[in-house]
Amino acid sequence: MNSNNRVALITGSTSGIGLAIAKKLASDGFIIAFHSKKSINTGAELTKNYINSSYTQADLNNEKEARSLIKAVIKKHGRLDVLVNNAGSSKTIAHSRLKEATPEIWREQYELNVISPWVLISEAEEVLKKSSSIECPSVILNISTHASIRPKGASIPYAASKAALNHMTKLLAKTLAPNIRVNAIAPGLVDTPLSKNWDAARTLWNENSPMRREAQPEEVAQIASSFIDNNYLTGEILIIDGGLNLT
Ligand SMILES: NC(=O)c1ccc[n+]([C@@H]2O[C@H](COP(=O)([O-])OP(=O)(O)OC[C@H]3O[C@@H](n4cnc5c(N)ncnc54)[C@H](OP(=O)(O)O)[C@@H]3O)[C@@H](O)[C@H]2O)c1
C-alpha cells in the first residue's frame, strides 16, 4: 500500500501493541507520529529510524497534555490522516475485591480509556476531515480489549471503561461518516510489557484457547493495518483472541 505521505499518530507507540502498529504503518508508507507518557529516550531513538517521523511526550491522564498532543503533531507534520488511540495501562485487581477498585482507579481508567480518546478525537476532527476524501476517508482506530465484551479482564474499571470506548466507537462511526471511519480492535492476551505478569491469563490462553497461545503484537498490528487500509469499514469492533471467546 502506498500512503502518499499520510500521517498516522499512534498513542503509546514506544512499546507493545502501539510500537508494532507504528512499525507496520511505517512499512505501509505512513509517516509516523510516535507518542508516549514517559519513555522519551525510546521515542527519540525511534525517530532516528523512521524517516520524517516525530515523537511527542504527553500524559493522557492529563486533559491539557492530551489537547496539546494533537496541536504538537499538527505543528510538526501539517496534517493528520490516522489516529490510533492505543495508549493504556492497567493494574490487576481481582473482580471480587470491590474496595480495591477505588473511585480513584475508576477515574484514572475512565480518563485514559474514554475521556482522553474523546479529547484527542475532538481536537483532531477538523484536521482529519481536511485530509479526508471520498475515496480515502481519514481513520480513527481505538484499541479496546476482549474484556470490554466478555466479563473478564485485569480489573472491572479497566474492562468497563473499555466497554464505554466500544460504544463511543460506534456512536462516532455514525456521527463522523463519511469523512472519518471509526473502528476498534479488541485483543485478548498479547505478549507485551503490560501483560508480562498476567500469569493466570497466560495459563488460560495456553490451556483453554483454541489457538493455545497468546497473540504477538505484530498479529494485532496486521489487523490494524487492514482496518486502516480498507476504505469502507466503519463502526466495527473486532475481537482477536485466538478463539478464547468460543470457549
Ligand atoms: N497486552 C495485552 O494483553 C492487551 C490486551 C488487550 C488490550 N490491550 C490494550 O492495548 C493497548 C496497548 O497495551 P500494551 O500491552 O501494548 O501496553 P504497553 O506495552 O505497556 O505500552 C503502553 C504504551 O502506552 C503508553 N501509556 C501508558 N499510560 C499512558 C498515559 N497515561 N499517557 C500516555 N501514554 C501512556 C506507554 O508509555 P510509557 O511507556 O512512556 O509509559 C506505552 O507507550 C492498551 O490500550 C491496552 O489496554 C492490551
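**Entry 1: Arg6 and Asp81**

I began with a salt bridge between the side chains of Arg6 and Asp81, at 3.8 Å from N to O. This pair links distant parts of the chain, 75 residues apart. Arg6 sits in the segment before β1 (7-10), and Asp81 in the loop between α3 (63-77) and β4 (82-85). I noted the rule: a salt bridge is a side-chain nitrogen of Lys or Arg within 4 Å of a carboxyl oxygen of Asp or Glu. I also noted how elements are named: helices (H or I, at least four residues) and strands (E, at least two) are DSSP runs, numbered from the N terminus.

The model is predicted, so local features need pLDDT of at least 70 and side-chain atom pairs count only at pLDDT 80 or more, while totals for chains, interfaces and linings use all residues. Residues are numbered from 1 along each chain as its sequence is written, and side-chain values use heavy atoms, with hydrogens and water left out.

Are Arg6 and Asp81 buried or exposed? Both are buried. Buried means under 20% relative accessible area, exposed means over 50%, and partly exposed is in between (1.4 Å probe, protein chains only). Asp81 counts as buried because its relative accessibility is 0%.

How many salt bridges does the structure hold? I read 11.

Asp81 came up again. The side chains of Arg79 and Asp81 meet in a salt bridge at 2.6 Å, N to O. Arg79 counts as partly exposed, because its relative accessibility is 31%. Salt bridges that share partners also join Glu63, Arg67, Lys71 and Glu123 into one network.

Next I looked up Glu45. It forms a salt bridge with Lys48, and the closest N and O atoms are 2.8 Å apart. Glu45 is partly exposed at 43% relative accessibility. Lys48 is exposed, with a relative accessible area of 63%.

**Entry 2: Thr56**

I moved to strand β3 (residues 54-57), where Thr56 is found. Thr56 has a relative accessible area of 9%, so it is buried. Its side chain makes a polar contact with the side chain of Lys76, at 2.9 Å. A polar contact is a pair of N or O atoms within 3.5 Å; within protein, one must be able to donate a hydrogen and the other to accept it, and residues adjacent in sequence count only if both atoms are side-chain atoms.

I then listed what Thr56 touches, not counting residues up to four places away in sequence: Phe34, His35, Ser36, Leu69, Ala72, Val73 and Lys76. Contact here means heavy atoms within 4.5 Å.

**Entry 3: The ligand**

Which residues come nearest to the ligand? Of the 33 residues around it, I found Ser15, Lys38, Asn86, Tyr158 and Thr192 nearest. A residue is near a molecule or strand if one of its heavy atoms lies within 4 Å of it.

- A polar side-chain atom of Thr14 is 2.9 Å from an oxygen atom of the ligand.
- A backbone N or O atom of Lys37 is 3.3 Å from an oxygen atom of the ligand.
- A polar side-chain atom of Asp59 is 3.1 Å from a nitrogen atom of the ligand.

On its own, the ligand has 900 Å² of accessible area, and the protein covers 94% of it. Accessible areas come from the Shrake-Rupley method with a 1.4 Å probe; for residues, only the protein chains shown count as cover.

The shell around the ligand has 13 nonpolar, 16 polar and four charged residues. For these classes, Ala, Val, Leu, Ile, Met, Phe, Trp, Tyr, Cys and Pro count as nonpolar, Asp, Glu, Lys and Arg as charged, and the others, Gly among them, as polar. I noted that α1 (16-27), β2 (31-36) and α5 each supply at least two residues of the shell.

I found Ile180 in strand β6 (residues 180-187). Ile180 counts as buried, at 1% relative accessibility. Leaving aside neighbours within four places in sequence, it is in contact with Glu125, Leu128, Lys129, Ser138, Val139 and Ile140. Ile180 and Asp81 are 99 residues apart in sequence, and 9.2 Å apart in space, C-alpha to C-alpha.

Ser132 lies in the loop between α4 (103-130) and β5 (138-143). Ser132 is buried, with a relative accessible area of 17%. With neighbours within four places in sequence left aside, Ser132 is in contact with Pro137, Ser138 and Asn179.
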